[in-house]
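Have the sequence open beside the structure, and let us take the parts one at a time.

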Amino acid sequence: MIGYIVRRTLQAIVVLFGVSIVVFAIVHLVPGDPIRLALGTRFNQQAYDALRRRSGLDKPLVPQYFYWLGHALTGDLGVSFRTGQPVTQLIGQRIGATVSLAGAALVVALVIAVPLGLLSALRPRTSLDYGATVISQTGISIPEFWLAILLILVVGAKLDWLPSAGYVPPDQSVSGWLEHLILPGIAAGVSSGSILTRFIRASALEALGRDYTLTARSKGLRERTIIVRHVIRNALVPVVTVTGVQLAYLLSGVVVVEVVFAWPGLGMLALQSVQSRDYPVLQGAVLLFAAFFLIVNLAVDLLYARLDPRIGYASR
Amino acid sequence: MSATVAPTSTPLPARQRGETLRLLVRNRIAVVALAVLVAFIVVAVFGKALAPYGYNSVDVADRLQGPSVHHWFGTDELGRDVFSRVLLGAAVSLKVGAVAVGISLVVGVPCGLIAGFYGGVLDDVIMRVMDVLFAFPAILMAIAVLAILGPGSTNAMVAIGIVYIPIFARVTRAAVLPVREEVYVRAARASGASDLRLMRRHLLPNVLGPIIVQTSISFAFAILSEAALSFIGLGTQPPHPSWGLMLSDGTDFINQAWWMVVFPGAAIFVVVLAFNILGDALRDTLDPRQRSLIRNARGA
């Protein structure tokens, strides 16, 4: 087990190292001088020189990378070319909104997927099962930004039940935070819920056909006990992986939903940084998202190995 | 925009291809999806002839009109016919889907083939590079690539293509691993076939199944990604009629003109749904276990 943890962690570190090289390259692959581009009409030599020094861009390429990496590892992601604010500070201001949205979306996804997936597995080839298949196929195919717009159109504008844009931090008003969270949460969570529904259905169907379920049945256990103790518990083990992957996706993939709902999250920050050619902010956001993604995936793999001891410790 | 990876353990023996087609044709939903996709391709190719108006035929006097006999899907803020723009937008989606998936296939499949065939250090290096690319969330990777290349539909195709390379590499590699050990591959090797010939003649044809499934699913995601990138202003630029861009324009008039957001979004949804259904049906018919289940269930 320890060997597996060490090997898997080392792999993640190697990949993260590769990710850092790609992220570092962003600013160098931009045609032209990135600082001059970012400063635009506000260009003056003094500001230009100060930004170049602060960002380490005055150094040769290899020392520059290690300068950047060293600072990134200590939480210093440089300063914004636009505002001069530390990138870490800008990210810190936005992270709460993104985590709120990803959390809400995951709750929506699980609320859809667990009952729908289990029920369709327990009643295979019934109208309930076919209905669940239609719902999950629809949820996977519907563009989340279109769903967001439809929700705004119907629930926000026509019915006027919920606010259709903006974010209220929970420390200002918990009810306002929740109200503003519902529509974006649904828009971002439906697709993940649909993917999870399929996995839970497949996983529960497999558990239902296993010998331990047959044994439980032949012992004369009540159906309810068989379902709860044998089927659901075993069926949910592989679902942990997919839920983790979906959480990683939600943390980083809700950029477009953030745009539709004017949600001041990290995705919006990344997009604004592209529009204003503020490359250190883009680098910081991309690095953070990729690190999120790797760490969540690593945590999921380790958790999965803990939940199911048969998972290959021996080989990759 | 999450990237779905097709299951990979299903090489397609040549003699079963006819049966695959027969089973696919018996799946009515898959046939409907195929019909929708054929219609989509026809509209994309002959859109100019089919559309009653040009994509940029401005008529300010007729702006923000609801659906009518003259304008089936209404008009936008410049009085342009939404129906014509939806028809003409199909070409953008098809082109982006085809080019982006083409890039992913042309780069990803050989990488997976080489990694799976040779194994060892080469496999490790190629797959770790793919792991690095895969660590970036798809939409963010595309945004970063567009930050470098600049916005526009051609660059969006390249960005989306790059994003899906690791998926094709992984799918191909995983499918190659069991086939590499097959007797006919070893026999061909023993008879002196070169590595290139082994990969081209013996491995590739036998790992096509999972690649075909992944192509269908990736096409759906490429169309979704293009729409998303155009929606946030980084993909197709105005006045060209991309479905994502039309949706973005429509959000400014959501209270006055619901048709501006409903029809382009519905077009994306229907095409993506059709590709996903076809991908599922292909997966079912190409998977030997599912194949026998379908055969038994239908008495085929």
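Helix α6(A) passes α8(A) in a left-handed crossing. This is a predicted model, so please read every value below as computed from predicted coordinates. In chain A, α6 covers residues 127–141 and α8 covers residues 174–208. Their axes come within 7 Å and cross at roughly 140 degrees. Angles over 145 degrees would count as roughly antiparallel and 65 to 115 as roughly perpendicular, and α6(A) and α8(A) are therefore oblique to each other.

Which residues of the two helices make the contact? From α6(A) come A:A132, A:S136, A:G139 and A:I140. On the α8(A) side you will find A:V190, A:S191, A:G193, A:S194, A:I195, A:T197, A:R198 and A:R201. Sorted by class, this contact has four nonpolar, six polar and two charged residues.

## A closer look at A:A216

Next, please find A:A216 in helix α9 of chain A, which spans residues 211–218. Is A:A216 buried or partly exposed? A residue needs 20 or more other C-beta atoms within 10 Å to count as buried. A:A216 has 19, so it is partly exposed. Leaving aside residues up to four places away in sequence, A:A216 touches A:L221, A:I226 and A:H230. For a sense of distance, A:L287 is 71 residues from A:A216 in sequence and 49 Å from it in space, C-alpha to C-alpha.

## Chain B and its side facing chain A

Chain B has 12 helices and zero strands. Of its 300 residues, 53% count as buried. Among contacts in chain B between residues at least 6 apart in sequence, 72% join residues at least 24 apart.

How many residues of chain B are in contact with chain A? There are 33, and they meet 36 residues of chain A. The helices of chain B in this table each supply at least two residues of the side that touches chain A.

| Helix of chain B | Residue range |
|---|---|
| α4(B) | residues 120–134 |
| α5(B) | residues 138–149 |
| α9(B) | residues 208–231 |
| α10(B) | residues 243–251 |
| α11(B) | residues 259–286 |

The largest share of that side, eight residues, comes from α11(B). By class, the side of chain B that touches chain A has 26 nonpolar, five polar and two charged residues.

Key: Residues numbered from 1 in each chain as written. Chains lettered and ligands numbered in written order. Predicted model: local features only at pLDDT ≥ 70, side-chain atom pairs only at ≥ 80, totals over all residues. Helix = DSSP H or I, 4+ residues; strand = E, 2+ residues; numbered from the N terminus. Buried ≥ 20, exposed ≤ 12 C-beta atoms within 10 Å, placed from the backbone. Contact = placed C-beta atoms within 7 Å. Nonpolar A, V, L, I, M, F, W, Y, C, P; charged D, E, K, R; others polar. Axes fitted to C-alpha atoms, helices over the stretch in contact; angles between N-to-C directions. Parallel < 35°, antiparallel > 145°, perpendicular 65-115°, else oblique. Left-handed = near helix turned anticlockwise from the far one by under 90°.
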